Amino acid sequence: MRDTFTRFAANTADTVEQYSLKWAYSRMKFGDQNSANIIARPMADALWKKHGAEFKRGTVLASPCPYNYVPNAASMLGRAVIERLNLRLAMENCAPIGWALVHRTLPYTADYGTLSSEDRKHLLNQDAFILNKCLIDAKPEHTLLFIDDVIVTGAHEDKMICALDDANIHNSVIFAYALQLSGEVPEMENALNFCGVHRSDIINIVSAYGWIVGSLKYVLNSSPDQARNFLEYLPSQRLEQFRLLSAAEGYFAHVQYRPILDIATELATTVNYNDARP
């Protein structure tokens with residue numbers, strides 16, 4: 001189906017320094033919704049400029065990057081972009097863009113941003129993308145809009161194309177990204193993820209907005225001392241969410257995460273969750 005898809009990138013860069021929204025992007029990767037909104041505004045404007053006529057036909061289904069239970073940065077961005085596009089459509093008395101989901105079956109323990117191109121492909125080959133009924137039942141005239149935060153090696157895009165082929169879906173597809181990093185150098189993605197945050201910033205982001213996959217894995221991949229120090233600073237409800245969401249993602253089954261989860265459980269025994277205060 002490669003002849004039926006279009007790739008759109010709101011920004012392109014050869015280095016992290018060239019990306020003007022790098023600080024907002026970095027904060028978004030750990031759950032800062034305001035930063036996601038900052039990135040979504042120009043991305044939605046650029047998408048509208050290029051594909052607005054297609055959107056106004058009312059035959060578009062949008063989906064963020066696949067995830068399990070806990071949202072990731074791309075799903076935050078996807079919602080923010082679609083909300084802005086739908087506001088434009090409402091102002092012109094057009095139907096809103098539909099919303100669909102793609103689930104993945106494998107909870108990643110590796111830090112995806114640090115993986116090489118081959119390691120990313122190997123990891124994705126072990127995963128399965130599950131298309132929901134909206135996508136499977138899409139009419140031939142529907143355009144499918146997949147929104148992601150960044151493209152580096154294209155491994156996710158290739159996996160999605162295979163999933164669509166396997167489901168015998170041959171609709172027109174737009175793969176839309178906030179940023180395309182040139183050169184396919186995976187290490188740049190990791191540098192971008194952390195260029196605008198320190199540990200204290202991530203604590204503040206989680207306290208204000210809650211957890212996403214990126215912030216969960218940041219703590220789970222920390223040393224026990226670093227994780228304890230992080231978790232002790234959080235409001236009680238965020239500590240409880242850490243355990244609940246880790247369970248939902250299946251992280252308790254991973255041996256390397258158990259020391260951190262045991263610390264969270266220990267800290268949770270001292271918290272009064274009936275107290276309405278944060």
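## An exposed asparagine in a loop

At 58% relative accessibility, Asn168 counts as exposed, because anything over 50% falls in that class. Keep in mind as you look around that this is a predicted model. You will find Asn168 in the loop that links α6 to β8. Its phi is near 60°, a positive value in a residue other than glycine. Most residues other than glycine have a negative phi.

Asn93 is another residue to look at here. Its phi is also near 60°, again positive although the residue is not glycine. Asn93 sits in the loop between α3 and β4 (98-99), and with a relative accessible area of 75% it is exposed.

## Strand β8 and its partners

Now follow the chain past Asn168 into β8 (172-181). Is this strand mostly enclosed or open? Eight of the 10 residues of β8 are buried, so the rest of the structure largely encloses it.

β7 (143-151) runs parallel to β8 and is joined to it by eight bridges; Val150, for instance, has Leu179 as its bridge partner in β8. β1 is also parallel to β8, with five bridges between them, and here Ala9 is partnered by Tyr177.

## Phe8, a buried residue of β1

Phe8 belongs to strand β1 (residues 5-9). Its relative accessibility is 6%, so it counts as buried. Which residues does Phe8 touch, once those up to four places away in sequence are set aside? They are Met43, Ala46, Leu47, Lys50, Ile174, Phe175, Ala176 and Tyr177.

Phe8 and Ala46 are 38 residues apart along the chain, and their C-alpha atoms are separated by 9.2 Å.

## Nonpolar cores

The largest nonpolar core has 38 residues, and those with the most contacts inside it are Met43, Phe55, Val81, Leu85 and Leu145. A second, separate core has 27 residues, including Val70, Val197, Ile202 and Val206.

Leaving out residues up to four places away in sequence, Val81 touches Ala40, Met43, Ala44, Leu47 and Ile147.

## A cavity inside

Rolling a probe the size of a water molecule over the atoms shows where empty space is left. How many cavities of 30 Å³ or more does the structure hold? There is one, and the largest cavity contains about 110 Å³ of space.

Its lining is made up of Pro64, Cys65, Pro66, Phe129, Phe146, Ile147, Asp148, His156, Glu157, Met160, Phe175 and Tyr177. By class, nine of these are nonpolar, one is polar and two are charged. β7, α6 (155-166) and β8 each supply at least two of the lining residues. Phe175 and Tyr177 from this lining are also among the contacts of Phe8.

## A buried loop residue

Where does Thr59 lie? It is in the loop between α2 (33-55) and β3 (60-64). Is Thr59 buried or exposed? Its relative accessible area is 17%, so Thr59 is buried, since the cut-off is under 20%. Beyond its neighbours within four places in sequence, Thr59 is in contact with Glu141, His142 and Thr143.

Terms used: Residues are numbered from 1 along each chain as its sequence is written. This is a predicted model: local features need pLDDT of at least 70, side-chain atom pairs count only at pLDDT 80 or more; totals for chains, interfaces and linings use all residues. Side-chain values use heavy atoms; hydrogens and water are left out. Helices (H or I, at least four residues) and strands (E, at least two) are DSSP runs, numbered from the N terminus. Buried means under 20% relative accessible area, exposed over 50%, partly exposed in between (1.4 Å probe, protein chains only). Contact means heavy atoms within 4.5 Å. On a 1 Å grid over the protein atoms alone, a cavity is a set of points where a 1.4 Å probe fits but cannot get out, and a pocket is an open set with protein on both sides within 12 Å along at least five of seven lines; lining residues have an atom within 4 Å of a point. Grid points are joined across faces, edges and corners, and a volume is the space filled by probe spheres set on the points. Ala, Val, Leu, Ile, Met, Phe, Trp, Tyr, Cys and Pro count as nonpolar, Asp, Glu, Lys and Arg as charged, and the others, Gly among them, as polar. A nonpolar core is a set of buried Ala, Val, Leu, Ile, Met, Phe, Trp, Tyr and Cys residues joined through side-chain atoms within 4.5 Å. Two strands pair if DSSP finds at least two bridges between them.
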